[in-house]
Amino acid sequence: MTMIFGVPAAAFYGQLLLGLINGAFYALLSLGLAVIFGLLKIINFSHGAQYMLGAFAAYLLLSVLGINYWAALFLAPLIVGLLGVLIERYLLRRIAHIDHIYGLLLTFGLALVIQGTFTNWFGVSGSRYPVPELLQGGINLGFMFLPIYRAWIVVVALVVCFGVWFMIEKTKLGGYLRAGTENSALMQAFGVNVPLLVTLTYGFGVGLAALGGVLAAPVYSVSPDMGSNLLIVVFAVVVIGGMGSIVGAILTGLLMGIVEGLTKVYYPEASNVVIFLVMIIVLLVRPAGLFGKGA
Amino acid sequence: MATTDTKISAAQLAKQAENRRRNIFYLVLLALALVAPFVAYPVFLMKILCFALFACAFNLLLGYAGLLSFGHAAFLATGGYMTGFLLSTYSITPEIGIITGTLASTVLGTFFGILSIRRQGIYFAMITLALAQMVFFMYLQADFTGGEDGLQGVPRGNLFGIFDLSNNLTMYYFVLAVFIFGFLLIQRTVHSPFGQVLKAIRENEPRAISLGYNTDVYKLVAFVISAAIAGLAGSTKTVVFQLASLGDAHWHMSGEVILMTLVGGVGTLFGPVLGAGFVLTLEHQLSQSFLGDWVDVILGVIFVVCVLTFRAGIVGEVQKFMKKNFN
């Protein structure tokens with residue numbers, strides 16, 4: 001058996017892959033948080049609950065309406081994104097002019113409402129979502145067995161992250177978004193419908209979280225609390241990376257996933273605290289975050 | 001000159017009258033607190049007092065320094081676990097256990113504070129939340145915390161080796177004394193020159209810096225005091241319930257103390273006390289009704305409603321009303 005630093009190669013690569021998958025989710029979620037933060041200046045505390053809603057939307061579409069995974073991949077983010085649009089339009093907009101801490105508190109309250117409601121409806125145990133037929137099975141790469149669905153998650157997450165980066169940095173709509181991040185009052189003076197842009201941005205960020213949920217449904221069990229613990233880790237990832245740059249959010253997410261995966265190989269007891277430890281080190285050495293500008 | 005003198009003395013008179021009114025108010029409250037255990041269930045009253053102290057500690061940070069900590073559960077739990085562990089393992093008196101638990105929280109608070117004040121606003125909230133989650137996982141895995149079961153059957157013991165705390169009435173007066181001590185400490189802190197600087201930092205930190213204040217030191221000291229009192233609340237709570245559990249370390253608890261403070265009135269001395277009483281009574285009533293499974297949802301709705309329409313909280317709204325109609 002091949003060994004890597006005293007660990008069987010298969011276990012090493014297996015954990016590396018799992019880490020990469022977690023990293024893909026971290027990247028997707030911190031990307032959504034960064035997009036929302038850029039324009040609204042609030043941290044969306046219901047991001048984890050909206051990720052969970054994405055997974056449940058896919059699950060309900062399949063079990064109630066018989067709509068398959070491929071359609072759910074588009075429908076679930078759309079539905080949850082629309083819910084996000086309503087939340088922004090009727091709740092967040094009312095407090096946009098006051099201290100942004102209140103946005104955090106409001107979305108925290110919403111997260112409690114959403115998670116509590118789903119816990120009452122579906123219990124805490126969680127439901128299974130089948131892997132779509134086309135993505136079942138795996139490939140033997142020689143040094144490890146690669147389940148196709150897991151590879152799919154990483155590929156989709158990377159493609160979506162790249163797409164969002166491209167849209168924000170290279171298109172006209174992205175230009176509006178970046179300009180709005182810098183100075184939304186001036187944008188409004190130039191005739192851009194800023195309130196609409198803000199609403200759509202929030203809906204889009206929420207949609208990204210829901211997409212993460214759909215991708216996660218076949219690998220993790222679909223349960224009401226699947227998002228809350230994940231979100232806190234994503235917060236640590238955001239602190240490590242800083243929310244200054246889109247690329248930074250994506251890279252930090254992937255990197256932290258891999259760090260966590262490797263910790264599972266070498267020192268499993270520390271695997272669920274390692275990202276927080278990295279956060280502490282970053283705060284001591286570079287308080288603004290790896291990609292951040294200023295505090 | 002003469003007119004200014006009379007103006008000053010008029011202002012002083014008004015201030016004296018206000019102080020007198022406040023003292024009477026506190027005396028009435030004290031009298032109520034002293035007879036309360038003969039009217040209501042003492043254990044529930046003690047729960048309210050412990051959480052009220054916890055919320056007051058949290059409010060010192062949010063209300064007077066403008067720092068939103070989302071990790072205060074870690075201090076409540078650390079105090080609780082340390083006290084619970086010491087009282088169950090060694091034959092020491094409860095006050096020693098509580099003091100040691102409070103010290104443990106103080107140390108943790110210093111560590112949290114040094115790290116989290118390096119960033120501001122929303123980052124501060126995320127860092128405190130992440131640090132508290134790390135502490136949660138450590139307590140989940142550690143041996144001395146009893147994992148998911150927590151520490152059960154912690155003996156209440158004899159206070160100073162004399163007063164038997166297994167008597168609920170004795171226990172109640174001890175908890176009341178601890179609460180008053182913590183409350184007065186916070187009140188002194190807020191009204192001291194130190195507290196005035198904290199408020200200046202809350203309103204405009206760059207200006208406080210330009211006036212020559214080392215704001216990081218002020219924020220750190222406020223954080224440590226807040227963590228210490230939160231730990232004191234947790235330690236006392238463990239002695240009351242003879243239990244230290246993982247639930248105290250969960251992010252849910254950090255959210256609950258924010259809600260208590262928000263409902264009662266952020267930045268008011270007495271608001272968190274009322275808020276704690278309100279939230280705990282509501283939870284207690286709901287858990288016995290047909291809505292028992294919906295407690296979290298209802299707390300979430302109250303959160304949203306408070307943020308949208310009731311940001312000043314109970315005490316804040318009353319103060320606004322009094323100002324509008326009686327001045």
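Select chain B to begin: for its 327 residues a compact globule would have a radius of gyration (taken over C-alpha atoms, with the rule 2.2 Å times the number of residues to the power 0.38) near 20 Å, and chain B agrees because its own value is 20 Å. This is a predicted model, in which local features need pLDDT of at least 70 and side-chain atom pairs count only at pLDDT 80 or more, while totals for chains, interfaces and linings use all residues. Residues are numbered from 1 along each chain as its sequence is written, and chains are lettered from A in the order in which they are written.

Now show both chains and look where they meet: 34 residues of chain B are in contact (C-beta atoms, placed from the backbone, within 7 Å) with 32 residues of chain A. On the chain B side, select α5 (121–141), α10 (251–264) and α12 (295–309), each of which supplies at least two residues, with the largest share, 13 residues, coming from α5(B).

Finally, turn to the largest nonpolar core, which has 192 residues; such a core is a set of buried Ala, Val, Leu, Ile, Met, Phe, Trp, Tyr and Cys residues joined through C-beta atoms within 7 Å, and buried means that 20 or more other C-beta atoms lie within 10 Å of a residue's own. Helix α1 (residues 9–40) of chain A gives the largest share of this core, 18 residues. Among the residues with the most contacts inside the core are Ala236(A) and Ala130(B), and Ala236(A) touches Ala130(B) as well as Ile275(A), Phe276(A) and Met279(A), not counting residues up to four places away in sequence.

Conventions:
Contact = placed C-beta atoms within 7 Å. Helix = DSSP H or I, 4+ residues; strand = E, 2+ residues; numbered from the N terminus. Buried ≥ 20, exposed ≤ 12 C-beta atoms within 10 Å, placed from the backbone.
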